[in-house]
Amino acid sequence: MNSSKTDILIVGGGMVGLSIAHQLLERDVAQSICVLDKEPQLGLHSSGRNSGVLHAGLYYKPGSTKARVCVAGAKRLRAWVEEHGLIINPCGKVIVPQRIDLDAQLDLLAERGQANGAEVEFLDEQQLRELIPEARTANGRALWSPNTAVVKSIDVILTLQKELRQRGVQFVHGTKKWKANAGLKKLKFHDGIQISYGHLFNCAGLQADRVAHQFGIGQQYNLLPFKGLYWQLKANCPIQPRTNLYPVPDLSVPFLGVHFTPSAGTNPLVSIGPTATPAWGRENYSGLQALEPGMALANLSLLTSQYLSNRGGFRRYVHEQAFLALPPLLLRAAQQLIPSLQAKHLEPSQKVGIRSQLFNHRTQHLEDDFICLPGPSSTHVLNAISPAFTASFALADLILERSGFLKSDI
Ligand SMILES: Cc1cc2nc3c(=O)[nH]c(=O)nc-3n(C[C@H](O)[C@H](O)[C@H](O)COP(=O)(O)OP(=O)(O)OC[C@H]3O[C@@H](n4cnc5c(N)ncnc54)[C@H](O)[C@@H]3O)c2cc1C
């Protein structure tokens, strides 16, 4: 068959694309749904490579899209994970200030959490030690989030795909090269095959800006990829936090700082990370793989200019986070949370992910919030950075509402 037709075409089978398909089915608003993914299997990018933390909604500015969807999305995803019998670690999370000058920032996080509908509680030093005996707080206080949990993100993706398939969603895999004809509402593949659609959702993650540009949308945005590398605690390390342990983040950049995360499962493995170091290609997970020298050079010059102008306090990010891929610096960052940690306790982890972080050339800033742009018979979901995995079901409703498919109830 040289051509096929679908009501809804979703480009990208990550958590955002799959959640849109899920919510379309829940609301019964499409006759046919097709998910197109360039890879032979799902979960090869952010949605299968993240920390798996279901965030409780503490960080986000009230009124932002992240704030609007994180708490509701986390509850819905958690219920879905439990319904499907998938592993979940309901371990909560504690945030500790690593320096005394971050005291007010801890209050700000508590205020934001409460405004966003998250449950938060202050702990004193003694209560912190009961949770993680080796943890340190610089100001004698810590913030406790009981509703943070950890899941195995790849299991979530593959189980959701299976459910969607059973409910009639068609999946087309492994087709890397295609061109959009927005006027004719068609995608044409290099082998001549075409798919016509009624509406297209661009949920292409690390490639979403490129896809949007094909539709003449979001020209002011370009991806500025940041790599997240992880280390992990050795199984014989005497320190094994059983809850998430996070620093107070620098809220001027969209990264949460190096943290400790116990995995979901019976014998949790504690990972440390992810770092947020510039990546030299959108999918440059290791070595020379998918290296993009042109993009790397352009981004290096952009990062240098951000550093020199110190826009949005960018210099602090460079000094505190840009070089954490170097093991001694990562160890030092981790020791701010657990001072007794030593190099011999750590080993490199296989885990690595790349954030689909956008840079806005008009405002000269890193974008902090999710972006949902209308295009010709299409909707473009850009900057689907953390907590898009957590928030996905509620985010999908918001996207469908903004695309005119439903009235949102969130
Ligand atoms: C290191 C790291 C840790 C994170 N930790 C957390 C966390 O703990 N909790 C949390 O909530 N969030 C976390 N996030 C963020 C979260 O992973 C993402 O927000 C989320 O997975 C984004 O999903 P997505 O569907 O937009 O993108 P993706 O999962 O990247 O999916 C996009 C899909 O589009 C496909 N695609 C791309 N281009 C094309 C094309 N041209 N044609 C067809 N298909 C295409 C890709 O193959 C891919 O499958 C983390 C991210 C990183 C990088």
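**Notes on the predicted model**

1. On overall dimensions, the C-alpha trace spans about 65 × 50 × 40 Å along its principal axes. The radius of gyration is 21 Å, which agrees with the value near 22 Å that a compact globule of 410 residues would have. Of those 410 residues, 56% count as buried.

2. The secondary structure consists of 11 helices and 23 strands. If you look at contacts with a separation of 6 or more, 75% of them come from residues 24 or more positions apart. As for charge, there are 41 positive and 32 negative ones, and their mean positions lie 7 Å apart.

3. Running over residues 194–202, strand 12 has eight of its nine residues buried. Strand 1 (residues 3–11) pairs with strand 12 in the parallel sense, over eight bridges, and here Lys-5 sits opposite Ser-196. Strand 23 (residues 378–382) also runs parallel to strand 12, joined by three bridges; Phe-201 has Thr-379 of strand 23 as its bridge partner.

4. Then there is the hairpin. Strand 11 (residues 186–189) pairs with strand 12 in the antiparallel sense, over three bridges, with Lys-188 opposite Gln-194. Four residues separate the two strands of this hairpin, and Gly-192 in the turn has a positive phi of about 95°.

5. Elsewhere you'll find an open sheet of three strands, order 13-20-21, with antiparallel pairing. Strand 13 (221–223) and strand 21 (365–366) are the edge strands, each pairing on one side only. Strand 13 is joined to strand 20 (residues 358–360) by three bridges, and Leu-223 faces Leu-358 across that pairing.

6. Ile-272 deserves a look. This residue belongs to strand 17 (residues 270–273), and with a relative accessible area of 0% it counts as buried, so there is nothing of it left uncovered. What surrounds Ile-272, beyond its neighbours within four places in sequence? Its contacts include Leu-229, Tyr-230, Trp-231, Val-258, Phe-260, Leu-330, Ala-334, Leu-341 and Leu-346. Gln-232 is in contact with Ile-272 too: the two are 40 residues apart in sequence, yet 5.4 Å apart in space, C-alpha to C-alpha.

7. Two cis peptide bonds are worth checking on screen. One joins Gly-273 and Pro-274, with omega about -10°; Pro-274 lies in the loop between strand 17 and strand 18 (277–278). Another joins Ser-386 and Pro-387, with omega about 10°, and Pro-387 is in the loop between strand 23 and helix 11 (388–402). For context, most peptide bonds are trans.

8. Finally, some backbone angles. Most residues other than glycine have a negative phi. Asp-28 is not a glycine, yet has a positive phi of about 55°. Asp-28 lies in the loop between helix 1 (15–27) and strand 2 (33–37) and counts as exposed, because its relative accessibility is 66% and the cut-off is over 50%. Gln-364 likewise has a positive phi, of about 60°, without being a glycine. That residue is in the loop between strand 20 and strand 21; at 22% relative accessibility, Gln-364 counts as partly exposed.

Note on methods. Residues numbered from 1 in each chain as written. Predicted model: local features only at pLDDT ≥ 70, side-chain atom pairs only at ≥ 80, totals over all residues. Heavy atoms only, no water. Rg over C-alpha atoms; globule rule 2.2 N^0.38 Å. Buried < 20%, exposed > 50% of the residue type's maximum accessible area, 1.4 Å probe, protein only. Contact = heavy atoms within 4.5 Å. Lys, Arg positive; Asp, Glu negative; His and termini not counted. Charge placed at Lys NZ, Arg CZ, Asp CG, Glu CD. Pairing = 2+ DSSP bridges.
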